[in-house]
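User: Hi! I'm new to reading protein models, could you walk me through this one?
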Amino acid sequence: VKMAARSWRRLAQHVPRLLAIRARVFTNTPVVQYATAIGTIGMSGYMFSSRVLLESVDYVSLANAAQEMYGQNPDAIYVLLKQAAKTSLQDGVTDTAAAQVLWRYARACHDMAADIEIYKQGSATGQSHTKKDLITEGYEAAQRAVALDPSSSACHKWMAIMISDISDLEGLKNKLLKSYTMKEHFEMAIKLDPSDATSQHLLGVWCFSFADLPWYQRKAAAAVFATPPSSSYEEALFHFQAAEKTDPGFYTKNAYYLGMTHARMGNQAEAKKWLHACLSLPATNADDREAHELATKLLKSL
């Protein structure tokens, strides 16, 4: 109840902004066909609705608004983008700008799923959520985003992330089956935007995961593939270092993985340096808090 209450209060702060954005994006456009999107802000008792044009949504304004809000409350972004994302999944939508809404919607779903203890209680979106539902929504949105704009680095990055999320729910066999596709999307994201540190980091995680695969999972992989996915700690380190060089100190988990990779390679001094660097970065979300916990645990073992 306390977590749900905090979530209501956080989104209530965004109500005036959400209404203003919706009014700007969804009104004063030609009426071709519309649906009514209704969002409810529970604790404030505030209800709003707006006509969403199925053929004339201003995707650019929505994407820009969502980007301005990023880093605050993913449920507020989820509310803002949900109807437009639903519209964009329809076959008749061909506007590539819709992809910019869809990958941001996938990101909001991912962020909410990562903090599911808050949102499963009945969030500020006006409904309760399950991790599976959020990940499925995000996965479908990311798929459509890539189809609409295959030249977008962010679309490929979020497709790869949502493949990872959904395969976690489906078990080891499906995770292995989707692993090559995941890697291809990360590689395409980097090719399209070499300055994206996050994609470099995530490709490093992919490499580390397969370098660190326990024997029984290697056996399972060999049963699924003639040539199972493989990598090395050196490859993983290359991508983590590339991410850090591109954007120093950008992510607690990149510092953690640098520490853990050095530890696996027997470089204890470097491992400790990066684990302490991880702990020196602020913990602002679930990922950061997990990185701090893992770094603290690993430091004790070195």
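Predicted model: local features only at pLDDT ≥ 70, side-chain atom pairs only at ≥ 80, totals over all residues.

User: Let's pick a residue. Where does Lys 157 lie?
Analyst: Lys 157 is part of helix 8, which covers residues 153-170.

User: Is Lys 157 buried or exposed, and why?
Analyst: Lys 157 counts as buried because its relative accessibility is 12%, and the cut-off for buried is under 20%.

User: Which side chain does Lys 157 make a polar contact with?
Analyst: That would be Asp 196: a polar contact of 3.1 Å links the two side chains. Leaving aside residues up to four places away in sequence, Lys 157 also touches several others, including Phe 186, Thr 198 and Leu 202.

User: New topic: how do helix 11 and helix 13 cross?
Analyst: Good one! In general, a pair of packed helices is described by the angle between their axes and the distance between the axes. For helix 11 (residues 197-211) and helix 13 (residues 233-246), the axes come within 8 Å and cross at roughly 165 degrees.

User: What does that make them, roughly parallel or roughly antiparallel?
Analyst: Angles over 145 degrees count as roughly antiparallel, and helix 11 and helix 13 are therefore roughly antiparallel to each other. Their crossing is left-handed.

User: Which residues meet there?
Analyst: From helix 11, the residues include Leu 203, Val 205 and Phe 208, and they face a group in helix 13 that includes Ala 236, Phe 240 and Ala 243. By class, this contact between helix 11 and helix 13 has 11 nonpolar, 5 polar and 1 charged residues.

User: What about the loops? Where is His 129?
Analyst: His 129 sits in the loop between helix 6 (116-119) and helix 7 (131-148). With a relative accessibility of 5%, His 129 counts as buried.

User: And where is Asn 285?
Analyst: Asn 285 is in the loop between helix 15 (268-280) and helix 16 (286-301). At 35% relative accessibility, Asn 285 counts as partly exposed.

User: How far apart are Asn 285 and Gln 72?
Analyst: In sequence they are 213 residues apart, while their C-alpha atoms are 9.9 Å apart in space.

Notes
Residues numbered from 1 in each chain as written. Heavy atoms only, no water. Helix = DSSP H or I, 4+ residues; strand = E, 2+ residues; numbered from the N terminus. Buried < 20%, exposed > 50% of the residue type's maximum accessible area, 1.4 Å probe, protein only. Polar contact = N/O pair within 3.5 Å; in protein donor to acceptor, adjacent residues only side chain to side chain. Contact = heavy atoms within 4.5 Å. Axes fitted to C-alpha atoms, helices over the stretch in contact; angles between N-to-C directions. Parallel < 35°, antiparallel > 145°, perpendicular 65-115°, else oblique. Left-handed = near helix turned anticlockwise from the far one by under 90°. Nonpolar A, V, L, I, M, F, W, Y, C, P; charged D, E, K, R; others polar.
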